[in-house]
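Hi there,

Here is the structure I promised to pass on.

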Amino acid sequence: MSRVIDMRWGWKTAGGLAGGFGALALAGLVGVVVGVVGWGGFNTAMEATNSMEFCISCHEMRDTVYVEYKTSPHYQNASGVRATCADCHVPRDWTHKVIRKVQASGELYHWLIGSIDTKEKFEAKRHTLARREWDRMRATDSQECRNCHSFGAMDFHKQTPKAASAMEGAEKAGKTCIDCHKGVAHSFPDVTAGHRQLFAGLSDQAKALALKPGDTAYALTSLALYGAPPTPGSAGDSEIAAATPVRVLAVEGGALRVEIIGWQRGSSVQTLYAQPGKRITTVKLNAAAAGQTAALRTVTDPETEQEWTEVRLTAWTGAGGYVGTLGALWDYGARVYDANCSLCHTLHPPADFDANAWIGKMNAMKRLTRLDEEEGRLLLTYLQSHAKNGAR
């Protein structure tokens with residue numbers, strides 16, 4: 001009897017195990033099916049957000065960058081190959097694609113709150129938006145561009161000589177596509193708008209600044225200097241450069257009598273510099289004004305063995321053109337530098353070069369920017385003053 005019972009027990013146990021394995025197999029199969037369907041649904045939904053239709057489903061894109069894109073070679077060209085939004089703005093590999101989609105959730109938030117829901121709002125932020133995308137593409141070595149374009153696939157003989165030379169030079173220099181090809185599908189932003197708005201604010205502050213004897217102030221821009229209190233329409237004798245410090249000696253109506261300390265290089269007495277050995281221009285003097293400076297001391301530059309004389313100059317200038325802190329001017333200079341000099345390459349820290357070397361670099365590069373003469377002067381002063389040997 002015990003044997004029969006044992007056999008029946010064994011049959012029941014084997015049957016139970018078989019049933020358990022079957023249930024697990026069924027659950028596993030269901031899980032696989034659900035996973036495949038879920039994954040497919042997720043991937044399908046994500047790919048749908050890469051479509052042109054999705055990208056221009058909101059008027060912010062449809063009425064601005066899409067209109068610009070339709071006039072570009074990426075939309076219509078001789079080869080008939082069209083690059084869509086995702087081809088340029090979404091990575092193809094899975095990991096970076098998901099990261100980009102997560103980042104895009106912030107863009108949806110700004111769509112909901114209407115950050116760029118008018119043309120005026122969009123234009124005000126165009127440079128910021130473009131700069132963010134330029135930086136992203138530079139960080140990935142323009143990978144989305146390289147999905148279709150590569151140096152190895154280029155037949156330089158079929159390019160114009162100018163294009164071939166530029167491409168070969170870019171390859172040797174290790175440049176990435178976005179360094180030179182900004183604005184290929186969309187209107188180029190006004191990179192000067194931000195810092196010019198900042199300058200307008202500083203100008204308002206300068207007009208409202210009430211200086212008194214003993215105060216130190218800094219020229220916001222190039223200003224005329226006079227040998228006597230200026231009158232309406234009078235011509236200045238000399239010119240002071242932006243960021244030059246002055247000490248107020250007297251205030252008379254709308255004019256200031258100021259003291260300026262600077263350095264003359266050798267026998268060149270009509271230009272004052274901020275420091276000996278460093279050609280950071282502070283004042284341009286006419287012959288008469290140059291003869292009115294008072295020498296304080298003379299030093300020899302150890303690198304050039306040239307003599308530099310520290311001098312004191314007193315002159316009159318109009319009020320309303322000075323700011324109370326140098327930091328405000330340097331913030332402005334940094335903004336000018338960042339906005340204009342990052343268009344073709346990553347920014348060099350000002351300390352990468354010495355003060356005098358920045359003169360040649362600015363002379364070579366300024367023509368490639370949209371800076372006016374005054375903005376260029378201020379930028380040079382900013383770079384020289386923050387050079388590796390130029391700290392004031």
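Glu 305 is exposed, with a relative accessible area of 67% (exposed means over 50%, buried under 20% and partly exposed in between, with a 1.4 Å probe and protein chains only). The place of Glu 305 is the loop between strand 8 (294-300) and strand 9 (307-318); helices (H or I, at least four residues) and strands (E, at least two) are DSSP runs, numbered from the N terminus. Its phi is near 60°, a positive value in a residue other than glycine. Most residues other than glycine have a negative phi.

Ser 142 also has a positive phi, of about 50°, although it is not a glycine. Ser 142 sits in the loop between helix 7 (119-139) and helix 8 (143-146). Is Ser 142 buried or exposed? Ser 142 is buried, with a relative accessible area of 0%.

A word on the source: this is a predicted model, in which local features need pLDDT of at least 70 and side-chain atom pairs count only at pLDDT 80 or more, while totals for chains, interfaces and linings use all residues. Residues are numbered from 1 along each chain as its sequence is written, and side-chain values use heavy atoms, with hydrogens and water left out.

As for confidence, the mean pLDDT of the protein is 87, and 90% of its residues reach 70 or more (pLDDT is the predictor's confidence in each residue, from 0 to 100). Confidence is lowest in helix 1 (residues 2-48), at a mean of 62, and highest in strand 1 (residues 216-219), at 97.

Now to the nonpolar cores (sets of buried Ala, Val, Leu, Ile, Met, Phe, Trp, Tyr and Cys residues joined through side-chain atoms within 4.5 Å). The largest has 27 residues, of which Leu 329, Tyr 337, Trp 358, Leu 379 and Leu 383 touch the most other members. Two or more residues each come from helix 11 (193-208), helix 13 (326-340), helix 14 (357-365) and helix 15 (373-385). Helix 13 gives the largest share, 6 residues. Leaving aside neighbours within four places in sequence, Leu 379 is in contact with Gly 333, Val 336, Tyr 337, Cys 341, Met 362 and Leu 371. Another core, of 20 residues, lies apart from this one, and Ala 219, Val 258, Ala 289 and Leu 313 are among its members.

The structure holds 9 aromatic pairs (rings of Phe, Tyr and Trp, its six-membered ring, with centres within 6.5 Å; planes under 30 degrees apart count as stacked, over 60 as edge-to-face and the rest as tilted). Tyr 273 and Trp 308 have ring centres 5.5 Å apart and planes at 70°, so the pair is edge-to-face. Because Tyr 273 lies in strand 6 (residues 268-275) and Trp 308 in strand 9, the pair ties together parts that are 35 residues apart in sequence. Both of these residues, Tyr 273 and Trp 308, are buried.

The rings of Tyr 337 and Tyr 382 have centres 6.4 Å apart and planes at 50°, so this pair is tilted. Ring pairs also link Trp 330, Tyr 337, Phe 353, Trp 358 and Tyr 382 into a cluster.

Best wishes

Technical notes
Contact = heavy atoms within 4.5 Å.
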